[in-house]
Amino acid sequence: MAFLTVAERTIAYRDSGENALPAVLLAHPLGMSQDVWEGVVAALRGRFRCVTWDLPGHGASTGLTTAVTPEHLADDALALADALGLARFHFVGTSVGGVVGQQLLVQCPERLTDVVLTNTGAVIGTPDNWHTRASRVRQEGLAAMADEIVPRWFSEAFVQRDTAVYTGWKVQLTRIDDESYARLCEMLAATDFTGRLRDVSGPVRLLGGREDLSTPPDTLKTLASQFGDARLEVLEDIAHVPSVEVPEAIAKRLRAWLGDEHVAQER
């Protein structure tokens, strides 16, 4: 793991270091960490240079002390890309990571090649619910709320099949900075990309999970309608974090969708 200081905050990141390969930045969901991409990155080794990082207050990144916007998170991604010498890059983001991707599409489309947004939306949830959660996190703490938050991330079948992974992510949630999580909830309450994505050029790939309670398929369909050219796939029996439930399946799609020349040769 490496670290980069941006706007007086430290961002923890990992770079697979395969400098000759096309670069892809992968952004994780709220309440988790860059480790959600571990299985995907392993499966993409030798095909892409993979860069992951921890959101503010998550993993090993320092927390937030002021309000945050999608622009701030996009600026973090761009600062990381600049530090690594990446003029252009693929982008993959899940949940709030997908919000970062939408902001990049609006803010600097010239920096992006192919974009995949998973389990996200132009609007996620409702402002009231996000404000309520932010208030509760500040009052009760994430450790007290883990049993109601984490079950929304994974399908019931996955939890029954791999209880150790489920328990591990519940522990991970309890280690996140409560204030940073609350401020990100408040950001999501105010975030709405409706009407802002129509001019995005080129296809955007969207991926959802049939059992996703946080960003259900209808949320992805609404997001798809905001683009001039968006292609949506919904995975059966998968919930909010497909990179953890089915990393090989996600890597297979990314190899095809991100214009991997090796896949073309295999076909």
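Two strands count as paired if DSSP finds at least two bridges between them. The model in these views is predicted.

**View 1. The β1-β2 hairpin of the predicted model.** β1 and β2 form a hairpin, with two residues between them. Alanine 7 sits in the turn and has a positive phi of about 50°. The two strands run antiparallel, and five bridges join β1 to β2 (residues 9-15). Phenylalanine 3 stands opposite alanine 12 in β2. Threonine 5 stands opposite threonine 10 in β2. Strands of a sheet pair through backbone hydrogen bonds, either parallel or antiparallel.

**View 2. The open sheet of eight strands.** The strand order is β1-β2-β4-β3-β5-β6-β7-β8, and the pairing is mixed. β1 (2-6) and β8 (230-235) are the edge strands, each pairing on one side only. On average, neighbouring strands are turned by 20° against each other, direction ignored.

**View 3. Helices α2 and α3 on the sheet.** Helix α2 lies across β1, β2, β3 (23-27), β4 (49-53) and β5 (89-94). Its direction runs at about 120° to β1. Helix α3 (residues 96-107) also packs on the sheet. α3 touches β3, β5, β6 (112-118) and β7 (204-209). The direction of α3 makes about 140° with that of β5.

**View 4. Helix α2 on its own.** α2 (residues 70-83) has 14 residues. From first C-alpha to last, α2 reaches 20 Å, close to the 20 Å expected at 1.5 Å a residue. Which residues of α2 are buried? They are Pro70, Leu73, Ala74, Asp76, Ala77, Leu78, Leu80 and Ala81. An α-helix has 3.6 residues a turn, so residues three or four places apart point the same way. Glycine 85 follows α2, with a positive phi near 75°.

**View 5. The contact of helix α4 with helix α8.** The axes of α4 (residues 127-140) and α8 (residues 178-190) come within 8 Å. They cross at roughly 170°. Angles over 145 degrees count as roughly antiparallel, so α4 is roughly antiparallel to α8. From α4, the contact takes in Pro127, Trp130, His131, Arg133, Ala134, Val137 and Arg138. From α8, it takes in Asp178, Glu179, Tyr181, Ala182, Arg183, Cys185, Glu186, Leu188 and Ala189. By class, the residues of this contact divide into nine nonpolar, one polar and six charged.

Terms used. Residues are numbered from 1 along each chain as its sequence is written. This is a predicted model: local features need pLDDT of at least 70, side-chain atom pairs count only at pLDDT 80 or more; totals for chains, interfaces and linings use all residues. Side-chain values use heavy atoms; hydrogens and water are left out. Axes are lines fitted to C-alpha atoms, for helices over the stretch in contact, and angles run from 0 to 180 degrees between N-to-C directions. Helices (H or I, at least four residues) and strands (E, at least two) are DSSP runs, numbered from the N terminus. Angles under 35 degrees count as roughly parallel, over 145 as roughly antiparallel, 65 to 115 as roughly perpendicular and the rest as oblique. Contact means heavy atoms within 4.5 Å. Ala, Val, Leu, Ile, Met, Phe, Trp, Tyr, Cys and Pro count as nonpolar, Asp, Glu, Lys and Arg as charged, and the others, Gly among them, as polar. The expected span of a helix is 1.5 Å times one less than its number of residues. Buried means under 20% relative accessible area, exposed over 50%, partly exposed in between (1.4 Å probe, protein chains only).
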